[in-house]
Amino acid sequence: MRHTLSVLVENRYGVLTRVAGMFSRRGYNIDSLTVGVTEDPTMSRMTIVVRGDDQVLEQVTKQLNKLIDVIRVTDLKSENSVEREMALIKVNCDVTSRSEIMQIADIFRARIIDVASRSVVVEITGDEGKINAIEQLLRPFGIKEMVRTGKVAIRRGQKSS
Amino acid sequence: MTEPTEKMTGARAFIECLYREGVDTIFGYPGGVLLPIYDELYGANIRHILVRHEQAAAHAAEGYARATGRTGVCLATSGPGATNLVTGIANAYMDSIPMVVFTGQVPSSMLGNDAFQEANITGITMPITKHNYLVQDARDLPRIIKEAFHIASTGRPGPVLVDMPKDITLQEIDFYYPDKVELRGYKPTYKGNLQQIKKAAALIDKSKNPVIYAGGGIINSNASAELIEFAEHIKAPVTTTLTGMGGFPVEHPLFLGMPGMHGTKYANYAIQESDLLIAVGARFDDRVTGKLKAFASNAKIVHIDIDPAEISKNIKVDIPIVGDAKWILQKLLTYSSESQSEKWIERIGHWKKENPLYYIEPITCSGIKPQYIIEQISQACKDAIIVTEVGQHQMWAAQYFKFNEPRTFITSGGLGTMGYGFPASIGVKVARPDKVVFDIAGDGSFQMNSQELATAVQENVPVIVAIFNNGYLGMVRQWQELFHEKRYSSTCIQNSVDFVKLAEAYGALGLRANKPEEVRPVIEQALASGRPTVIDFVVECEENVSPMVPAGAAINEILDLERKK
Ligand SMILES: Cc1ncc(C[n+]2csc(CCOP(=O)(O)OP(=O)(O)O)c2C)c(N)n1
Ligand SMILES: [Mg+2]
């Protein structure tokens with residue numbers, strides 16, 4: 001089971017180390033972790049995707065809450081949150097394959113953000129499934145390099161997490 | 001009302017903050033980056049105990065904290081000074097003891113450059129502190145110190161480290177000490193949820209065979225009186241863990257002794273037969289539970305703990321109650337009804353009679369029986385504070401001393417740190433000069449911090465070190481005897497030191513007892529001397545701690561090692 005946690009933390013030196021250290025020390029598996037500033041400059045928000053059963057989720061949540069610099073932990077369920085990830089994919093191409101790659105990008109509402117004689121860089125935003133799908137389709141052309149941001153997620157509706 | 005501010009250096013502010021926190025004693029060791037602070041300490045109204053190794057400063061601060069319930073304070077220089085503290089910090093973390101640790105650091109401008117005596121002590125101690133700080137601006141220092149003491153002493157207590165670069169201690173600031181802390185990420189729960197408490201009370205009323213399993217949380221929460229009252233009210237026997245020892249009087253008829261690996265048979269039987277286990281401030285450590293699947297498998301479990309993360313960490317709990325043990329026990333007392341049934345207590349009484357702790361007087365005497373020495377110390381000074389090292393002697397102290405009050409048994413539980421006891425006992429004696437303080441020591445453990453004899457003598461701290469000299473790293477030897485065909489690989493330390501001469505070399509009193517009849521007289525001599533004293537008790541060298549539940553076995557699969565010999 002994978003869970004998405006939205007973790008509000010103090011925007012302070014060492015916070016990322018504390019959080020990451022807790023995960024590794026206690027042997028929890030992180031699938032992805034993103035961190036960035038929020039609407040309030042004194043706080044940062046992390047989106048952490050963690051793997052484990054409900055008991056692991058409960059322990060992870062409690063251990064996170066135990067860190068002094070962690071302000072709030074919210075378990076984002078897929079039914080009441082939206083999530084996005086971005087990937088940049090550098091694909092081999094030549095004159096003949098370029099238009100085909102552009103077509104695929106079009107279908108996924110991805111964008112070509114760099115063009116060179118023998119490669120293009122595709123920027124894609126979406127949920128994990130969408131990114132996996134375009135990756136599959138581009139693979140036959142030869143993916144030279146790929147970078148993914150990891151998931152960010154936010155609660156739907158009025159309430160914030 | 002805002003206080004008038006005053007201009008001062010960071011070093012001066014540091015002292016000022018300690019005054020505001022009511023600190024009367026710190027344990028420390030100087031170094032280059034601490035010069036400004038030590039200059040301010042010179043003539044300050046704070047007792048500074050100069051140890052001989054920084055590890056001892058941390059253990060002594062912990063001993064001070066455990067004896068008083070107040071926050072212990074220690075101080076060390078950057079680099080090696082700071083890294084020498086690590087074991088002591090980890091020890092306090094594992095046993096949840098309030099401590100504030102100050103370290104000097106290289107100047108901010110040199111941080112990260114591998115400067116002389118630079119160590120990233122905040123990085124190193126992140127997993128063994130409740131929280132830590134690197135001070136980046138002297139103006140933050142008062143707030144940070146205020147927060148450090150607050151975090152260390154509230155909720156589940158623990159060590160907090162404050163790392164202070166040298167330039168911070170020289171920087172001039174307008175001193176202002178905040179009277180409140182504002183930590184939006186830290187709000188410990190003290191009052192337990194009443195719904196949960198009522199549910200627990202209902203279970204208690206229905207239960208026929210309840211057992212209370214109390215840990216170090218009872219001591220931290222000062223909940224000993226409440227525990228006694230509650231146990232008597234519901235007629236439940238009480239077992240206390242190693243760190244909970246003293247939280248319930250040993251001679252109370254409801255007392256079961258310690259559970260687990262070297263617990264009493266009857267404590268373990270009672271747990272296994274119970275239909276309701278009420279855990280208070282205890283964390284289901286593997287030394288207590290043995291094989292988890294088989295632990296208290298017939299019982300519903302109520303778990304009272306101030307740390308929500310302890311709930312269902314090791315064992316599935318039926319009714320968790322998060323909060324302060326004292327507060328929750330008071331409530332449970334009012335919501336549960338008084339028990340009239342004697343049946344369970346009678347059954348336990350029967351187990352107690354059939355399976356007491358015991359030892360056999362040796363036929364051929366190759367030394368004194370260690371259990372006998374503990375009994376003699378217990379009789380000679382029943383109000384003493386007993387501090388221990390780690391090993392067999394520690395278990396005998398827990399099994400045979402008749403503790404009557406909280407904060408009279410001080411031992412390294414979670415980390416099991418050899419070398420802890422002697423420096424901790426110095427901290428205890430400094431905090432409680434009115435008390436007789438013993439360090440029950442092994443010949444191995446004592447050698448890990450014996451240099452502190454110099455501290456005890458110089459600072460005139462008359463603790464009594466009772467060395468149980470069996471010539472072995474006895475606890476490891478016991479495992480080798482049982483599980484490795486007596487192949488005593490690297491555990492024999494016979495005749496390596498003359499502890500009497502060692503004591504004398506430091507200017508302490510050195511005594512020795514070779515025979516049982518010499519035990520009481522040397523104890524009396526040590527008590528009368530009023531000096532730091534080392535007693536070398538020559539004990540039976542291959543005596544085992546009994547009973548014993550082998551690691552990983554269910555706690556009712558108990559070996560009687562005394563009978564086998
Ligand atoms: C710092 C440290 N190193 C190693 C150990 C492992 N250990 C546990 S008990 C023990 C033997 C202790 O010997 P001694 O102090 O003589 O006590 P005894 O068991 O003989 O009473 C050892 C080596 C430990 N607990 N702590
Ligand atoms: Mg020994």
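**Helix packing and a metal site**

Mentor: Helix α1 (residues 10-20) and helix α7 (residues 141-153), both of chain B, pack with their axes 10 Å apart, at an angle of about 30 degrees. Axes are lines fitted to C-alpha atoms, for helices over the stretch in contact, and angles run from 0 to 180 degrees between N-to-C directions. Helices (H or I, at least four residues) and strands (E, at least two) are DSSP runs, numbered from the N terminus.

Trainee: Which residues make the contact?
Mentor: From α1(B) they are G10(B), F14(B), C17(B) and L18(B), and from α7(B) L141(B), P142(B), I145(B) and F149(B); contact means heavy atoms within 4.5 Å.

Trainee: How far may I trust this, and how is it numbered?
Mentor: This is a predicted model, in which local features need pLDDT of at least 70 and side-chain atom pairs count only at pLDDT 80 or more, while totals for chains, interfaces and linings use all residues. Residues are numbered from 1 along each chain as its sequence is written, chains are lettered from A and ligands numbered from 1 in the order in which they are written, and side-chain values use heavy atoms, with hydrogens and water left out.

Trainee: What are the protein donors of the magnesium ion (ligand 2)?
Mentor: They are D443(B) (OD), N470(B) (OD1) and Y472(B) (O), lying 2.1 Å from the ion. Donors are N, O and S atoms within 2.8 Å of the metal (3.2 Å for Na, K and Ca); water is not among the atoms, so sites may look incomplete.

Trainee: Why does the pair D443(B) and Y472(B) tie together separate parts?
Mentor: D443(B) lies in helix α19 (residues 443-446) of chain B and Y472(B) in the loop between β18 (464-469) and α21 (474-483) of chain B, so the pair joins parts 29 residues apart in sequence.

Trainee: And chain A, how many helices and strands?
Mentor: Chain A has 4 helices and 9 strands. Its C-alpha trace spans about 55 × 30 × 30 Å along its principal axes.
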